[in-house]
Amino acid sequence: MAASPSHSPPFGAIHISEDLTPLPQLKPAGNIDVTFDGQLSRPLRLREDLRTGCGGQTWPAGIVLGKHMLRYHRHELQDARILELGAGGGLVGLAVALGCGVESRLMLTDQDEMFELMKHNIGLNNVEDKATASILNWGEPLPQEVVDYKPNVILAGECVYFEPAFPLLMQTLKDLIVLNPNAVVYFCFKKRRRADMQFVKMAKKAFTVEEIFDEDRPVFSRESLFLFTFTAKRNKGGAPQSKTPAVVSTTTPTPPTS
């Protein structure tokens, strides 16, 4: 998960508010193995560490999204330019790197607080040749390395969690779609409050939003988990409606860090 640091919710066992409902059960720092119900023959090894924030723990929407990508998109992502938003420890992106034969460099992105954890998990799974870790704060100009990369597949699992960050996340999604109007956003979240559905209403104004097929939907929908794609709205001729240039960084570009 990622937002501007000043808009990130405080984390603690006793901090439960209207903005942030109860989190998964707190775990001590340590490694877990994830196979996404057998979709990975080689388990993904993930370090969870909440000392850097709530993004350091595995969340249910990430499991659903990772399993969906492995089950339905395993053979079509080899040449995709993939970016994960709010990656936390990198659960979804690393699952794709391990199981989908990705040939280009997949980018895991989150706030600075998650940077070292993303790098650690890249090394833990020996995918330094397939994945990099980068800092991307929602609502800020896209980093130059993202602009140069022009991702055409964006993964976002469990990014709807803190209402003040909704406009920031929406701005970043808009910038990414303007940057590459043919991009597809795979978006999964767990509804915890009524306000969470306001983000979907915002998305429907900005993008074409489709709830996509998954054979596990009857299972995860009972847990209030939703799985969508966001794509650019098209005019009658099939061209993207928006021609506004993406907001980009004016700072000197730096090479991606793996």
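**Close-up views of a predicted model**

**View 1. Helix H1 passes helix H2 in a right-handed crossing.** A crossing is called right-handed if the near helix is turned clockwise from the far one by less than a right angle, and left-handed if anticlockwise. This is a predicted model, in which local features need pLDDT of at least 70, side-chain atom pairs count only at pLDDT 80 or more, and totals for chains, interfaces and linings use all residues. Residues are numbered from 1 along each chain as its sequence is written, and side-chain values use heavy atoms, with hydrogens and water left out. H1 covers residues 60-72 and H2 residues 91-99, and the two pack with their axes 9 Å apart at an angle of about 20 degrees. H1 and H2 are therefore roughly parallel to each other, a term for angles under 35 degrees.

**View 2. Strands E4 and E5 run parallel and are joined by five bridges.** Two strands pair if DSSP finds at least two bridges between them. Leu-106 has Ala-131 in E5 as its bridge partner. From E4 the chain crosses through helix H3 (residues 115-124) to E5, in a right-handed β-α-β crossover. Strand E5 spans residues 131-135, and four of its five residues are buried, meaning under 20% relative accessible area with a 1.4 Å probe, protein chains only.

**View 3. Cys-100 is buried, with a relative accessible area of 2%.** Cys-159 also counts as buried, at 2% relative accessibility. The structure holds zero disulfides, a disulfide being a pair of cysteine sulfur atoms within 2.5 Å.

Methods. Buried means under 20% relative accessible area, exposed over 50%, partly exposed in between (1.4 Å probe, protein chains only). A crossover is right-handed if, with the strands pointing away from the viewer, the path from the first strand over the helix to the second runs clockwise. Axes are lines fitted to C-alpha atoms, for helices over the stretch in contact, and angles run from 0 to 180 degrees between N-to-C directions. Angles under 35 degrees count as roughly parallel, over 145 as roughly antiparallel, 65 to 115 as roughly perpendicular and the rest as oblique.
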